[in-house]
Amino acid sequence: MKWNFKIATVALASMVICYQSCRKPSAFNDELLDERLSGGIQTAMDASVGAFEHEFEGLSASELLMHEAGDKAFEQTFVTAPAKFHSGLGPLYNNVSCVSCHVGDGRGRPPKYDGDPTTGLLFRLSMPGEDVHGGPVAVQGFGGQMQNRATFGKLVEATAIVQYIQQLGQYNDGENYELQEPQYSFTNAYQSLPSGFLYSPRLAPPIFGLGLLEAVSETDILKNADEFDANGDGISGKANYVWDVKSHSKKIGRFGWKCNQPNLLQQAAGAYNGDMGITSFIFPNENSFGQIQYDNLQDETELSDSLLYAAAFYTQTLQVPARRNVEDAKVKLGKQLFNQTDCNKCHVTEMKTVTDMSRKYLSNQRIAPYTDLLLHDMGNGLADNRPDFLATGNEWRTAPLWGIGLTEIINGNSYYLHDGRARSITEAILWHGGEAQASKNKFKKLSKTDREALLAFLKSL
């Protein structure tokens, strides 16, 4: 029965591809909407541990080879030079491969103990002010990211220590809840960290569906922006504009916890460089550049252009897992409550990709990412107090919610928010403040039955 359902779904998707490829762009017909298809035709009918790892349907033979090459690159462990293959790790780094943080193409987790090497949590660094492009100012001797690992003969920049303070709260019906607030300190610094440095913990996010988000037009993103809250609803999302290294210009930011990356090519190059110390044509300098540990050698880039493009293409062509239990009465009630509590004002249900006849596999798709790709003030409780281009220390990108219900199955954990402090979806909601304070208050006023229904809806995504 499951196999027949999959065959029927693929057949339906094929018909949609053919239909959309042969017609002019037009408004979507709501009567044809299947709520399971979160990624449009690029939806994977899979709820197993491999649900985040499916390549796009409709790729050409050469594109499929590129996706597979990117998949291998994503899983490849880099080693220190000299080495015949996959050389160039470090000398300063956070991890040895992409998949070490994005397990199963999903999210990372905060460290379980001091010095935990498998964590997907890193720390952005900066000094107050702006650089020549309007972005964060690198910290002298440490750069823009703290590397907690080093190759033989080198020193780690510093080690982050996290401790949690318990916070107690109560729903309006009297039920108690507990949150944990992280407190960070830094030890083992190879030289003194300067006074007044800023830091921001960042958990590795899931990477599926990113190509669809990249294919949403800037115009459509800006339709939801209301920076000065002209409509008076308390929601004032705004776009971030960041430096595009390749085009030498400002572009709208889409990726990263503060929308601080303009596209997936730069996102991939930045991760290789910052997380593993691997250079590319986008970022040709070692992440130790300017430090006393820099070797001052004018080496060739360690990642070929073709491999960097393949790695970026891999993140551009991963399907979105299908929604589940969409006809369940509890899930349907939860969807209504999600909208009634105004969660959908930031976690926007529907977006549309651009018409792109050169990439029919993502062209003109209706998708349900539950994000607006905009920045919102989330309150002092979640603030990192570190600006990032136009993002203030209180602002964060609305995190996409698609696939969130499969996190525990795929990643074996349930850590959410930018620093992983939330141990459940419920805790993540209860940390919302700022523009989301009113929605959180409405959630707290719900009965236990209604709260469980709303959570059932979120777990169906």
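Visitor: What should I know before I start?

Guide: This is a predicted model, so local features need pLDDT of at least 70 and side-chain atom pairs count only at pLDDT 80 or more, while totals for chains, interfaces and linings use all residues. Residues are numbered from 1 along each chain as its sequence is written, and side-chain values use heavy atoms, with hydrogens and water left out.

Visitor: Let's start with strands. Which strands form the open sheet, and in what order?

Guide: Helices (H or I, at least four residues) and strands (E, at least two) are DSSP runs, numbered from the N terminus. Two strands pair if DSSP finds at least two bridges between them. Here three strands make an open sheet in the order 4-3-8, with antiparallel pairing. Strand 4 (145-146) and strand 8 are the edges; each has a single partner strand, so one side of each has no neighbour in the sheet.

Visitor: How many bridges join strand 3 to strand 8?

Guide: Six bridges hold strand 3 (residues 121-126) to strand 8, and the two run antiparallel. You can follow the pairing by residue: F123 has P201 as its bridge partner in strand 8, and L125 stands opposite Y199. As a general idea, side chains in a regular strand alternate between the two faces of the sheet.

Visitor: Is strand 8 largely enclosed or left open by the rest of the structure?

Guide: For that you need burial: buried means under 20% relative accessible area, exposed over 50%, and partly exposed in between (1.4 Å probe, protein chains only). Five of the six residues of strand 8 (residues 198-203) are buried, so the strand is largely enclosed by the rest of the structure.

Visitor: Now a helix. What span should helix 5 have?

Guide: The expected span of a helix is 1.5 Å times one less than its number of residues. Helix 5 (residues 264-276) has 13 residues and should span 18 Å; its end C-alpha atoms are 17 Å apart, which agrees.

Visitor: How many residues of helix 5 are buried?

Guide: In general, an α-helix has 3.6 residues a turn, so residues three or four places apart point the same way. Helix 5 is mostly covered, with 10 of its 13 residues buried. Among them are L264, L265, A268, Y272 and M276.

Visitor: What about charged side chains? How many salt bridges does the count come to?

Guide: Side chains of opposite charge can pair when their charged atoms come close. The rule used here is a side-chain nitrogen of Lys or Arg within 4 Å of a carboxyl oxygen of Asp or Glu. By that rule the count is 20 salt bridges. Take D34 and R36, whose closest N and O atoms are 2.4 Å apart: D34 is buried at 18% relative accessible area, whereas R36 is partly exposed at 24%.

Visitor: Which residue does K345 meet in a salt bridge?

Guide: K345 meets D233, at 3.8 Å from N to O. This pair links distant parts of the chain, 112 residues apart: K345 is in the loop between helix 7 (329-340) and strand 12 (351-352), and D233 is in the loop between helix 4 (218-222) and strand 9 (241-244). K345 is partly exposed at 35%, and D233 is partly exposed at 30%.

Visitor: Where does D356 lie?

Guide: D356 is in the loop between strand 12 and strand 13 (366-367), and it is buried, with a relative accessible area of 15%. Its C-alpha atom is 8.7 Å from that of A215, although the two residues are 141 apart along the chain. D356 also forms a salt bridge with R359 at 2.8 Å, N to O; R359 is partly exposed at 27%. Elsewhere, salt bridges that share partners join D173, E175, K448, R451 and E452 into one network.

Visitor: And cysteines: how many disulfides does a search of the whole structure find?

Guide: A disulfide is a covalent bond between the sulfur atoms of two cysteines. The cut-off is a pair of cysteine sulfur atoms within 2.5 Å, and the search of the whole structure finds zero. For C98, the nearest cysteine sulfur is that of C101, 8.6 Å away. For C346, the nearest is that of C343, at 8.9 Å. C98 is buried at 12% relative accessibility, and C346 is buried at 12%.
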